[in-house]
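Please keep the sequence and the structure in view while reading.

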Protein chains: 2
Amino acid sequence: MTVQKTSSGLYEDYKAKMRKVADVRNAMSVLGWDQETYLPEKGASFRGQQLTTLSSIAHELFSEDALGDILKELSSRSDLNAVQQKNVALSLEDYEKNRKYPAAFVAELSTATNAAYHAWIRARKENNFDVFEPLLANMVELKKQEAEILGYKGHPYDALLNEYEKGADVQMLDKIFSGVKESLLPILQKIALQEVPDKQFLHRHFPKDQQWQFGLNLLKDMGYDFKAGRQDISEHPFTTSFSPQDVRVTTRIDEQDLGNMTWSCIHEGGHALYEQGLPVEEYGLPSGEAASLGIHESQSRLWENNLGRSLTFWQYHYGNLQATFRSSLLAVPIQDFYRAINLVQPSLIRTEADELTYHFHVMIRYEIEKGLIGGTLQTKDLREIWNQYYREYLQQEVPDDLRGVLQDIHWSHGSFGYFPTYSLGSFYAAQLYTSAQKQVPGLENAIADGKYGPLLEWLRENIHQYGRFYTSNELCEKVTGEKLEFKYFLDYAKKKFGGIYQL
Amino acid sequence: MTVQKTSSGLYEDYKAKMRKVADVRNAMSVLGWDQETYLPEKGASFRGQQLTTLSSIAHELFSEDALGDILKELSSRSDLNAVQQKNVALSLEDYEKNRKYPAAFVAELSTATNAAYHAWIRARKENNFDVFEPLLANMVELKKQEAEILGYKGHPYDALLNEYEKGADVQMLDKIFSGVKESLLPILQKIALQEVPDKQFLHRHFPKDQQWQFGLNLLKDMGYDFKAGRQDISEHPFTTSFSPQDVRVTTRIDEQDLGNMTWSCIHEGGHALYEQGLPVEEYGLPSGEAASLGIHESQSRLWENNLGRSLTFWQYHYGNLQATFRSSLLAVPIQDFYRAINLVQPSLIRTEADELTYHFHVMIRYEIEKGLIGGTLQTKDLREIWNQYYREYLQQEVPDDLRGVLQDIHWSHGSFGYFPTYSLGSFYAAQLYTSAQKQVPGLENAIADGKYGPLLEWLRENIHQYGRFYTSNELCEKVTGEKLEFKYFLDYAKKKFGGIYQL
């Protein structure tokens, strides 16, 4: 039947099926958003069941034989345009990957994930990794199996990495992280010799309503479209998208910590601008999706750090911030503020780490995941390994599991291969921003005037509009002329922190 | 295959399939709730598409051959308990009704509804029924066809009525509404001769935050469980349920109108208490669903009117209300307040009508729907008929279509047969409440003390727990000893308004 149809007719069928899958997945995102923002306590159990049902429906729809037939037939047609061809190729790749998973394995993984998550919660309550360890061991075994199911050329961990960052592998990451070790460690050591800037004033009293309003204004200034999104409060800030026309962010507000809200707004705003910039007419298709987690993170971190922790950015906004929180900030000069928001200091908790030490947190997790999946590390030794790494790279004595090996949710979710995308995000951000600075005339002046239109336009044109058409590295090369190179981040770090700490 | 299974095994299969359908429908309710509360402007179009997709999935799941096979096999088994038997019988009835609709008809109806809705919006903008009329004519034609598809014994309108109120028919409603005409009209005529009580003080300034808090307190007092629900703001108040553990209400606040928020909270609270009282373990099955729209409305109106506009109720709450809105109410005696909130006065708009004249609004719509579906009325004459009825029964000259035939959304949605359930709700409420007053010892005293536990317990035990096990009339007879009788409402009205107006 598919053979007799015109390519454009078949492509429409493909689009309709993909949009149906997207509708179900986006409905799940709505339910997920509600779960984190407004769900009443007792609603959690049925909500979980409803999400499971939708997830299995999405899986069934995306595994339909009919979809496979259309995709295979379309792959053999020569009269599709480049975007159509790429969409079909990517969807077929996704489809075939999806079909590789035996139903029994999917069920086992789902049960194991549920058990591991609850064990992690329990282990955190008891502040004892041993409670989580056997479940984690089981999870690692399943993830090794998953790597075999998916297939890989070099290291089995490559298969898992590819789920989050297509094209990334151990070879690439080893190179990147040796850059981190070799070049960042000396900088950190020099900084450690300097006086620690004061940041106590960031922990004075910052009333909730004013913080909320200041955050909304930042988002508005960035170009976030409130007619195609909204901000709400949740325990952990996140961005979620139901279509490019409805991209929502959340934040949290701590009246004793201005930074919590401020940079979560800018960070999530960066994610959201990417989602709002994806092509509306490609809804449901790969070309309407983000390129990768690393590129997504590059957008949030470019806004949060390269822009949002720069002196130029705050030269425009600081007066307003002082006017909003007079009693807390009026006596604080901008230079002190700038040093405080860029304080570099090794610490125990990844999510609270500064721009530089952050990557050691990620590197440690990367080394551990690689070892676990490669079979050279065992979960039973994990506490010890973790604490050893923190001593070695961050000079931190880990006092307990809560502030150590139990701090992240990711492994309990079975997310192995996710952490590296955080660092890749920062490194892509530095490289992309360097290009933007070269390519956008008057960028620095615009930013000094609080105008981000030129930057956003550049991001839209060079990154957002392409969806998944290019892989991270293809995109990076197209925009910057090179594949990902750590040196751009290093240059950025040297310049910025060299200035702050007079290294 | 189904033949070899045990009945309990088969029943589990049935349950699993029904719960899957319920999960999808409840996901739709979450998306619908979000649409009315938090959806950003541009998100509407994709949201509509997502809802359509989920709706078609729910329809497919509920039309599966496999479900029909299980239901038919289970119907022939003799070893199910009474609840199981009833569930199977009701689901089979729903299933067969669902399968009666030809796919082409469903598509046509969906397109026509969409067109009619948008024409209604346009017609309202232009304040001109003629813009809506041709689309409405088409809708009526389709509804006549639907009546034929569904089948009926007496009047074709019976088939549509049954969609909202199983067992209701033209014969029953004619009798009820002749009661309205014969007995309520003389009361209204007597009231019209009395002095109109002052209600201007209800339109003084009532600050938003205090209204919001007062409404939340009312809900809490009623026994609404905030751990299994929440209140938000929407343009039109409504109740929606995602499971008995997550039943949400909305309200609206007008700072110039205390009544808007107050009785919408109590009304929606009544609906919500019903949904929160449905048996959790019967989720997805008929025994876990409300009996009918009429019974649902009986719950909201019992709380809103029989209780929430009674002197006893306000004798407890009025002090608090005065303390909350000192400048507006401190000088207003409770008797004046009580008369104001029970003011009877014919008007043009159904949703703003008082407890008595309301039923004339419904009767008019009932007569029109019956005529349209029966073929004795034509949409082209509708403006004239409408205005004529309002002159006859409510002594109102309709000044324009907005305040006339275009005021309700229902027909644009294709909801023919829905309006009568509003009046049935009031009449069931009066009859049920009369029984509660007889059966619950000390009910009046408890209410005077602001304690609604005994009433709620009685409703839970006599109504909520049964779900759809009984039809409205079966339930009414079981609880009150009689089928629905208009006289209970009449007695209530005579006593209450006779007192207020000294008739």
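With which residue of chain B does A:Asp225 form a salt bridge, and how far apart are the closest N and O atoms? The partner of A:Asp225 is B:Lys42, and the closest N and O atoms of the pair are 2.4 Å apart; a salt bridge here is a side-chain nitrogen of Lys or Arg within 4 Å of a carboxyl oxygen of Asp or Glu.

The model is predicted, so local features need pLDDT of at least 70 and side-chain atom pairs count only at pLDDT 80 or more, whereas totals for chains, interfaces and linings use all residues. Residues are numbered from 1 along each chain as its sequence is written, chains are lettered from A and ligands numbered from 1 in the order in which they are written, and side-chain values use heavy atoms, with hydrogens and water left out.

**The interface**

Between chain A and chain B there are 8 salt bridges, and 22 residue pairs are in polar contact across the interface, both residues being at pLDDT 80 or more. A polar contact is a pair of N or O atoms within 3.5 Å; within protein, one atom must be able to donate a hydrogen and the other to accept it, and residues adjacent in sequence count only if both atoms are side-chain atoms. On the side of chain A that touches chain B, the elements giving two or more residues are helix 1 (7–37), helix 2 (44–63), strand 2 (239–243) and strand 3 (246–251) of chain A. Helices (H or I, at least four residues) and strands (E, at least two) are DSSP runs, numbered from the N terminus.

The contact (heavy atoms within 4.5 Å) takes 40 residues from chain A and 40 residues from chain B. The buried area between the two chains is about 3,200 Å², of which carbon and sulfur atoms give 60%; this is the accessible area (1.4 Å probe) that two parts lose on being put together, summed over both.

**A salt bridge within chain B**

Over all chains the count comes to 62 salt bridges. One of them joins the side chains of B:Arg365 and B:Asp408, at 2.5 Å from N to O. Because B:Arg365 lies in helix 15 (residues 358–374) of chain B and B:Asp408 in the loop between helix 16 (382–394) and helix 17 (420–439) of chain B, the pair ties together parts that are 43 residues apart in sequence.

**The sheets**

Chain A holds an open sheet of 3 strands in the order 1-3-2, with mixed pairing, where two strands pair if DSSP finds at least two bridges between them. Its edge strands, strand 1 (231–233) and strand 2 of chain A, each pair on one side only. In chain B, 3 strands likewise form an open sheet in the order 1-3-2 with mixed pairing.

| Residue | Bridge partner in strand 3 |
|---|---|
| A:Asp232 | A:Thr250 |
| B:Gln231 | B:Val249 |

Strand 1 and strand 3 of chain A pair in the parallel sense over 3 bridges. Helix 1 of chain A packs on this sheet, touching strand 1, strand 2 and strand 3 of chain A, and its direction makes about 145° with that of strand 2 of chain A; axes are lines fitted to C-alpha atoms, for helices over the stretch in contact, and angles run from 0 to 180 degrees between N-to-C directions.
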